Amino acid sequence: TYKPVNIDKFKDKKLLAIAGIGNPENFFQLLEKYNLNVEKKLIFPDHYKFSKNEIENIVTESSKSGHQIIMTEKDYFKIMDYKIDKIDYLKVSIEISNLEKLLSIIKRLYD
């Protein structure tokens, strides 16, 4: 399961959530599961290449509407070279509920 690491920084904020991943609904459902106030969603195709101008326009619009922008970590790392400080990402960790079972399956694949 996915567990958000930095969820508290997004509590009590109006969010604009951006996802450019294969299954964006997983990201949005995770935000909803933790009762974040997602007022607007922007969905882009998987592996989408954001232009700096496009991101700056999104930031301008979100500032006017009072939204904090939250992205997937994957998308954030695609735009971090743009050095735009008004965008943040949800950091998640993966918890494997039955590690021993997973390791035994992997071992069988390589035996």
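Reader: Which residue in strand 3 is the bridge partner of I18?

Author: This is a predicted model, in which local features need pLDDT of at least 70, side-chain atom pairs count only at pLDDT 80 or more, and totals for chains, interfaces and linings use all residues. Residues are numbered from 1 along each chain as its sequence is written, and side-chain values use heavy atoms, with hydrogens and water left out. Strand 2 (residues 14–19) and strand 3 (residues 37–43) pair in the parallel sense over six bridges; helices (H or I, at least four residues) and strands (E, at least two) are DSSP runs numbered from the N terminus, and two strands pair if DSSP finds at least two bridges between them. Within this pairing, the bridge partner of I18 in strand 3 is L42.

Reader: Is D88 buried or exposed?

Author: D88 forms a salt bridge with K9, the closest N and O atoms being 2.8 Å apart; a salt bridge is a side-chain nitrogen of Lys or Arg within 4 Å of a carboxyl oxygen of Asp or Glu. The pair links distant parts of the chain, with K9 in the loop between strand 1 and strand 2 and D88 in strand 5, 79 residues apart. K9 is partly exposed, at a relative accessible area of 39%. With a relative accessible area of 18%, D88 is buried.

Reader: What is the closest distance between N and O atoms in the salt bridge of D46 and K74?

Author: D46 lies in the loop between strand 3 and helix 2 and K74 in helix 3, so the pair ties together parts that are 28 residues apart in sequence. D46 counts as partly exposed at 35% relative accessibility. Their closest N and O atoms are separated by 2.6 Å.

Conventions
Buried < 20%, exposed > 50% of the residue type's maximum accessible area, 1.4 Å probe, protein only.
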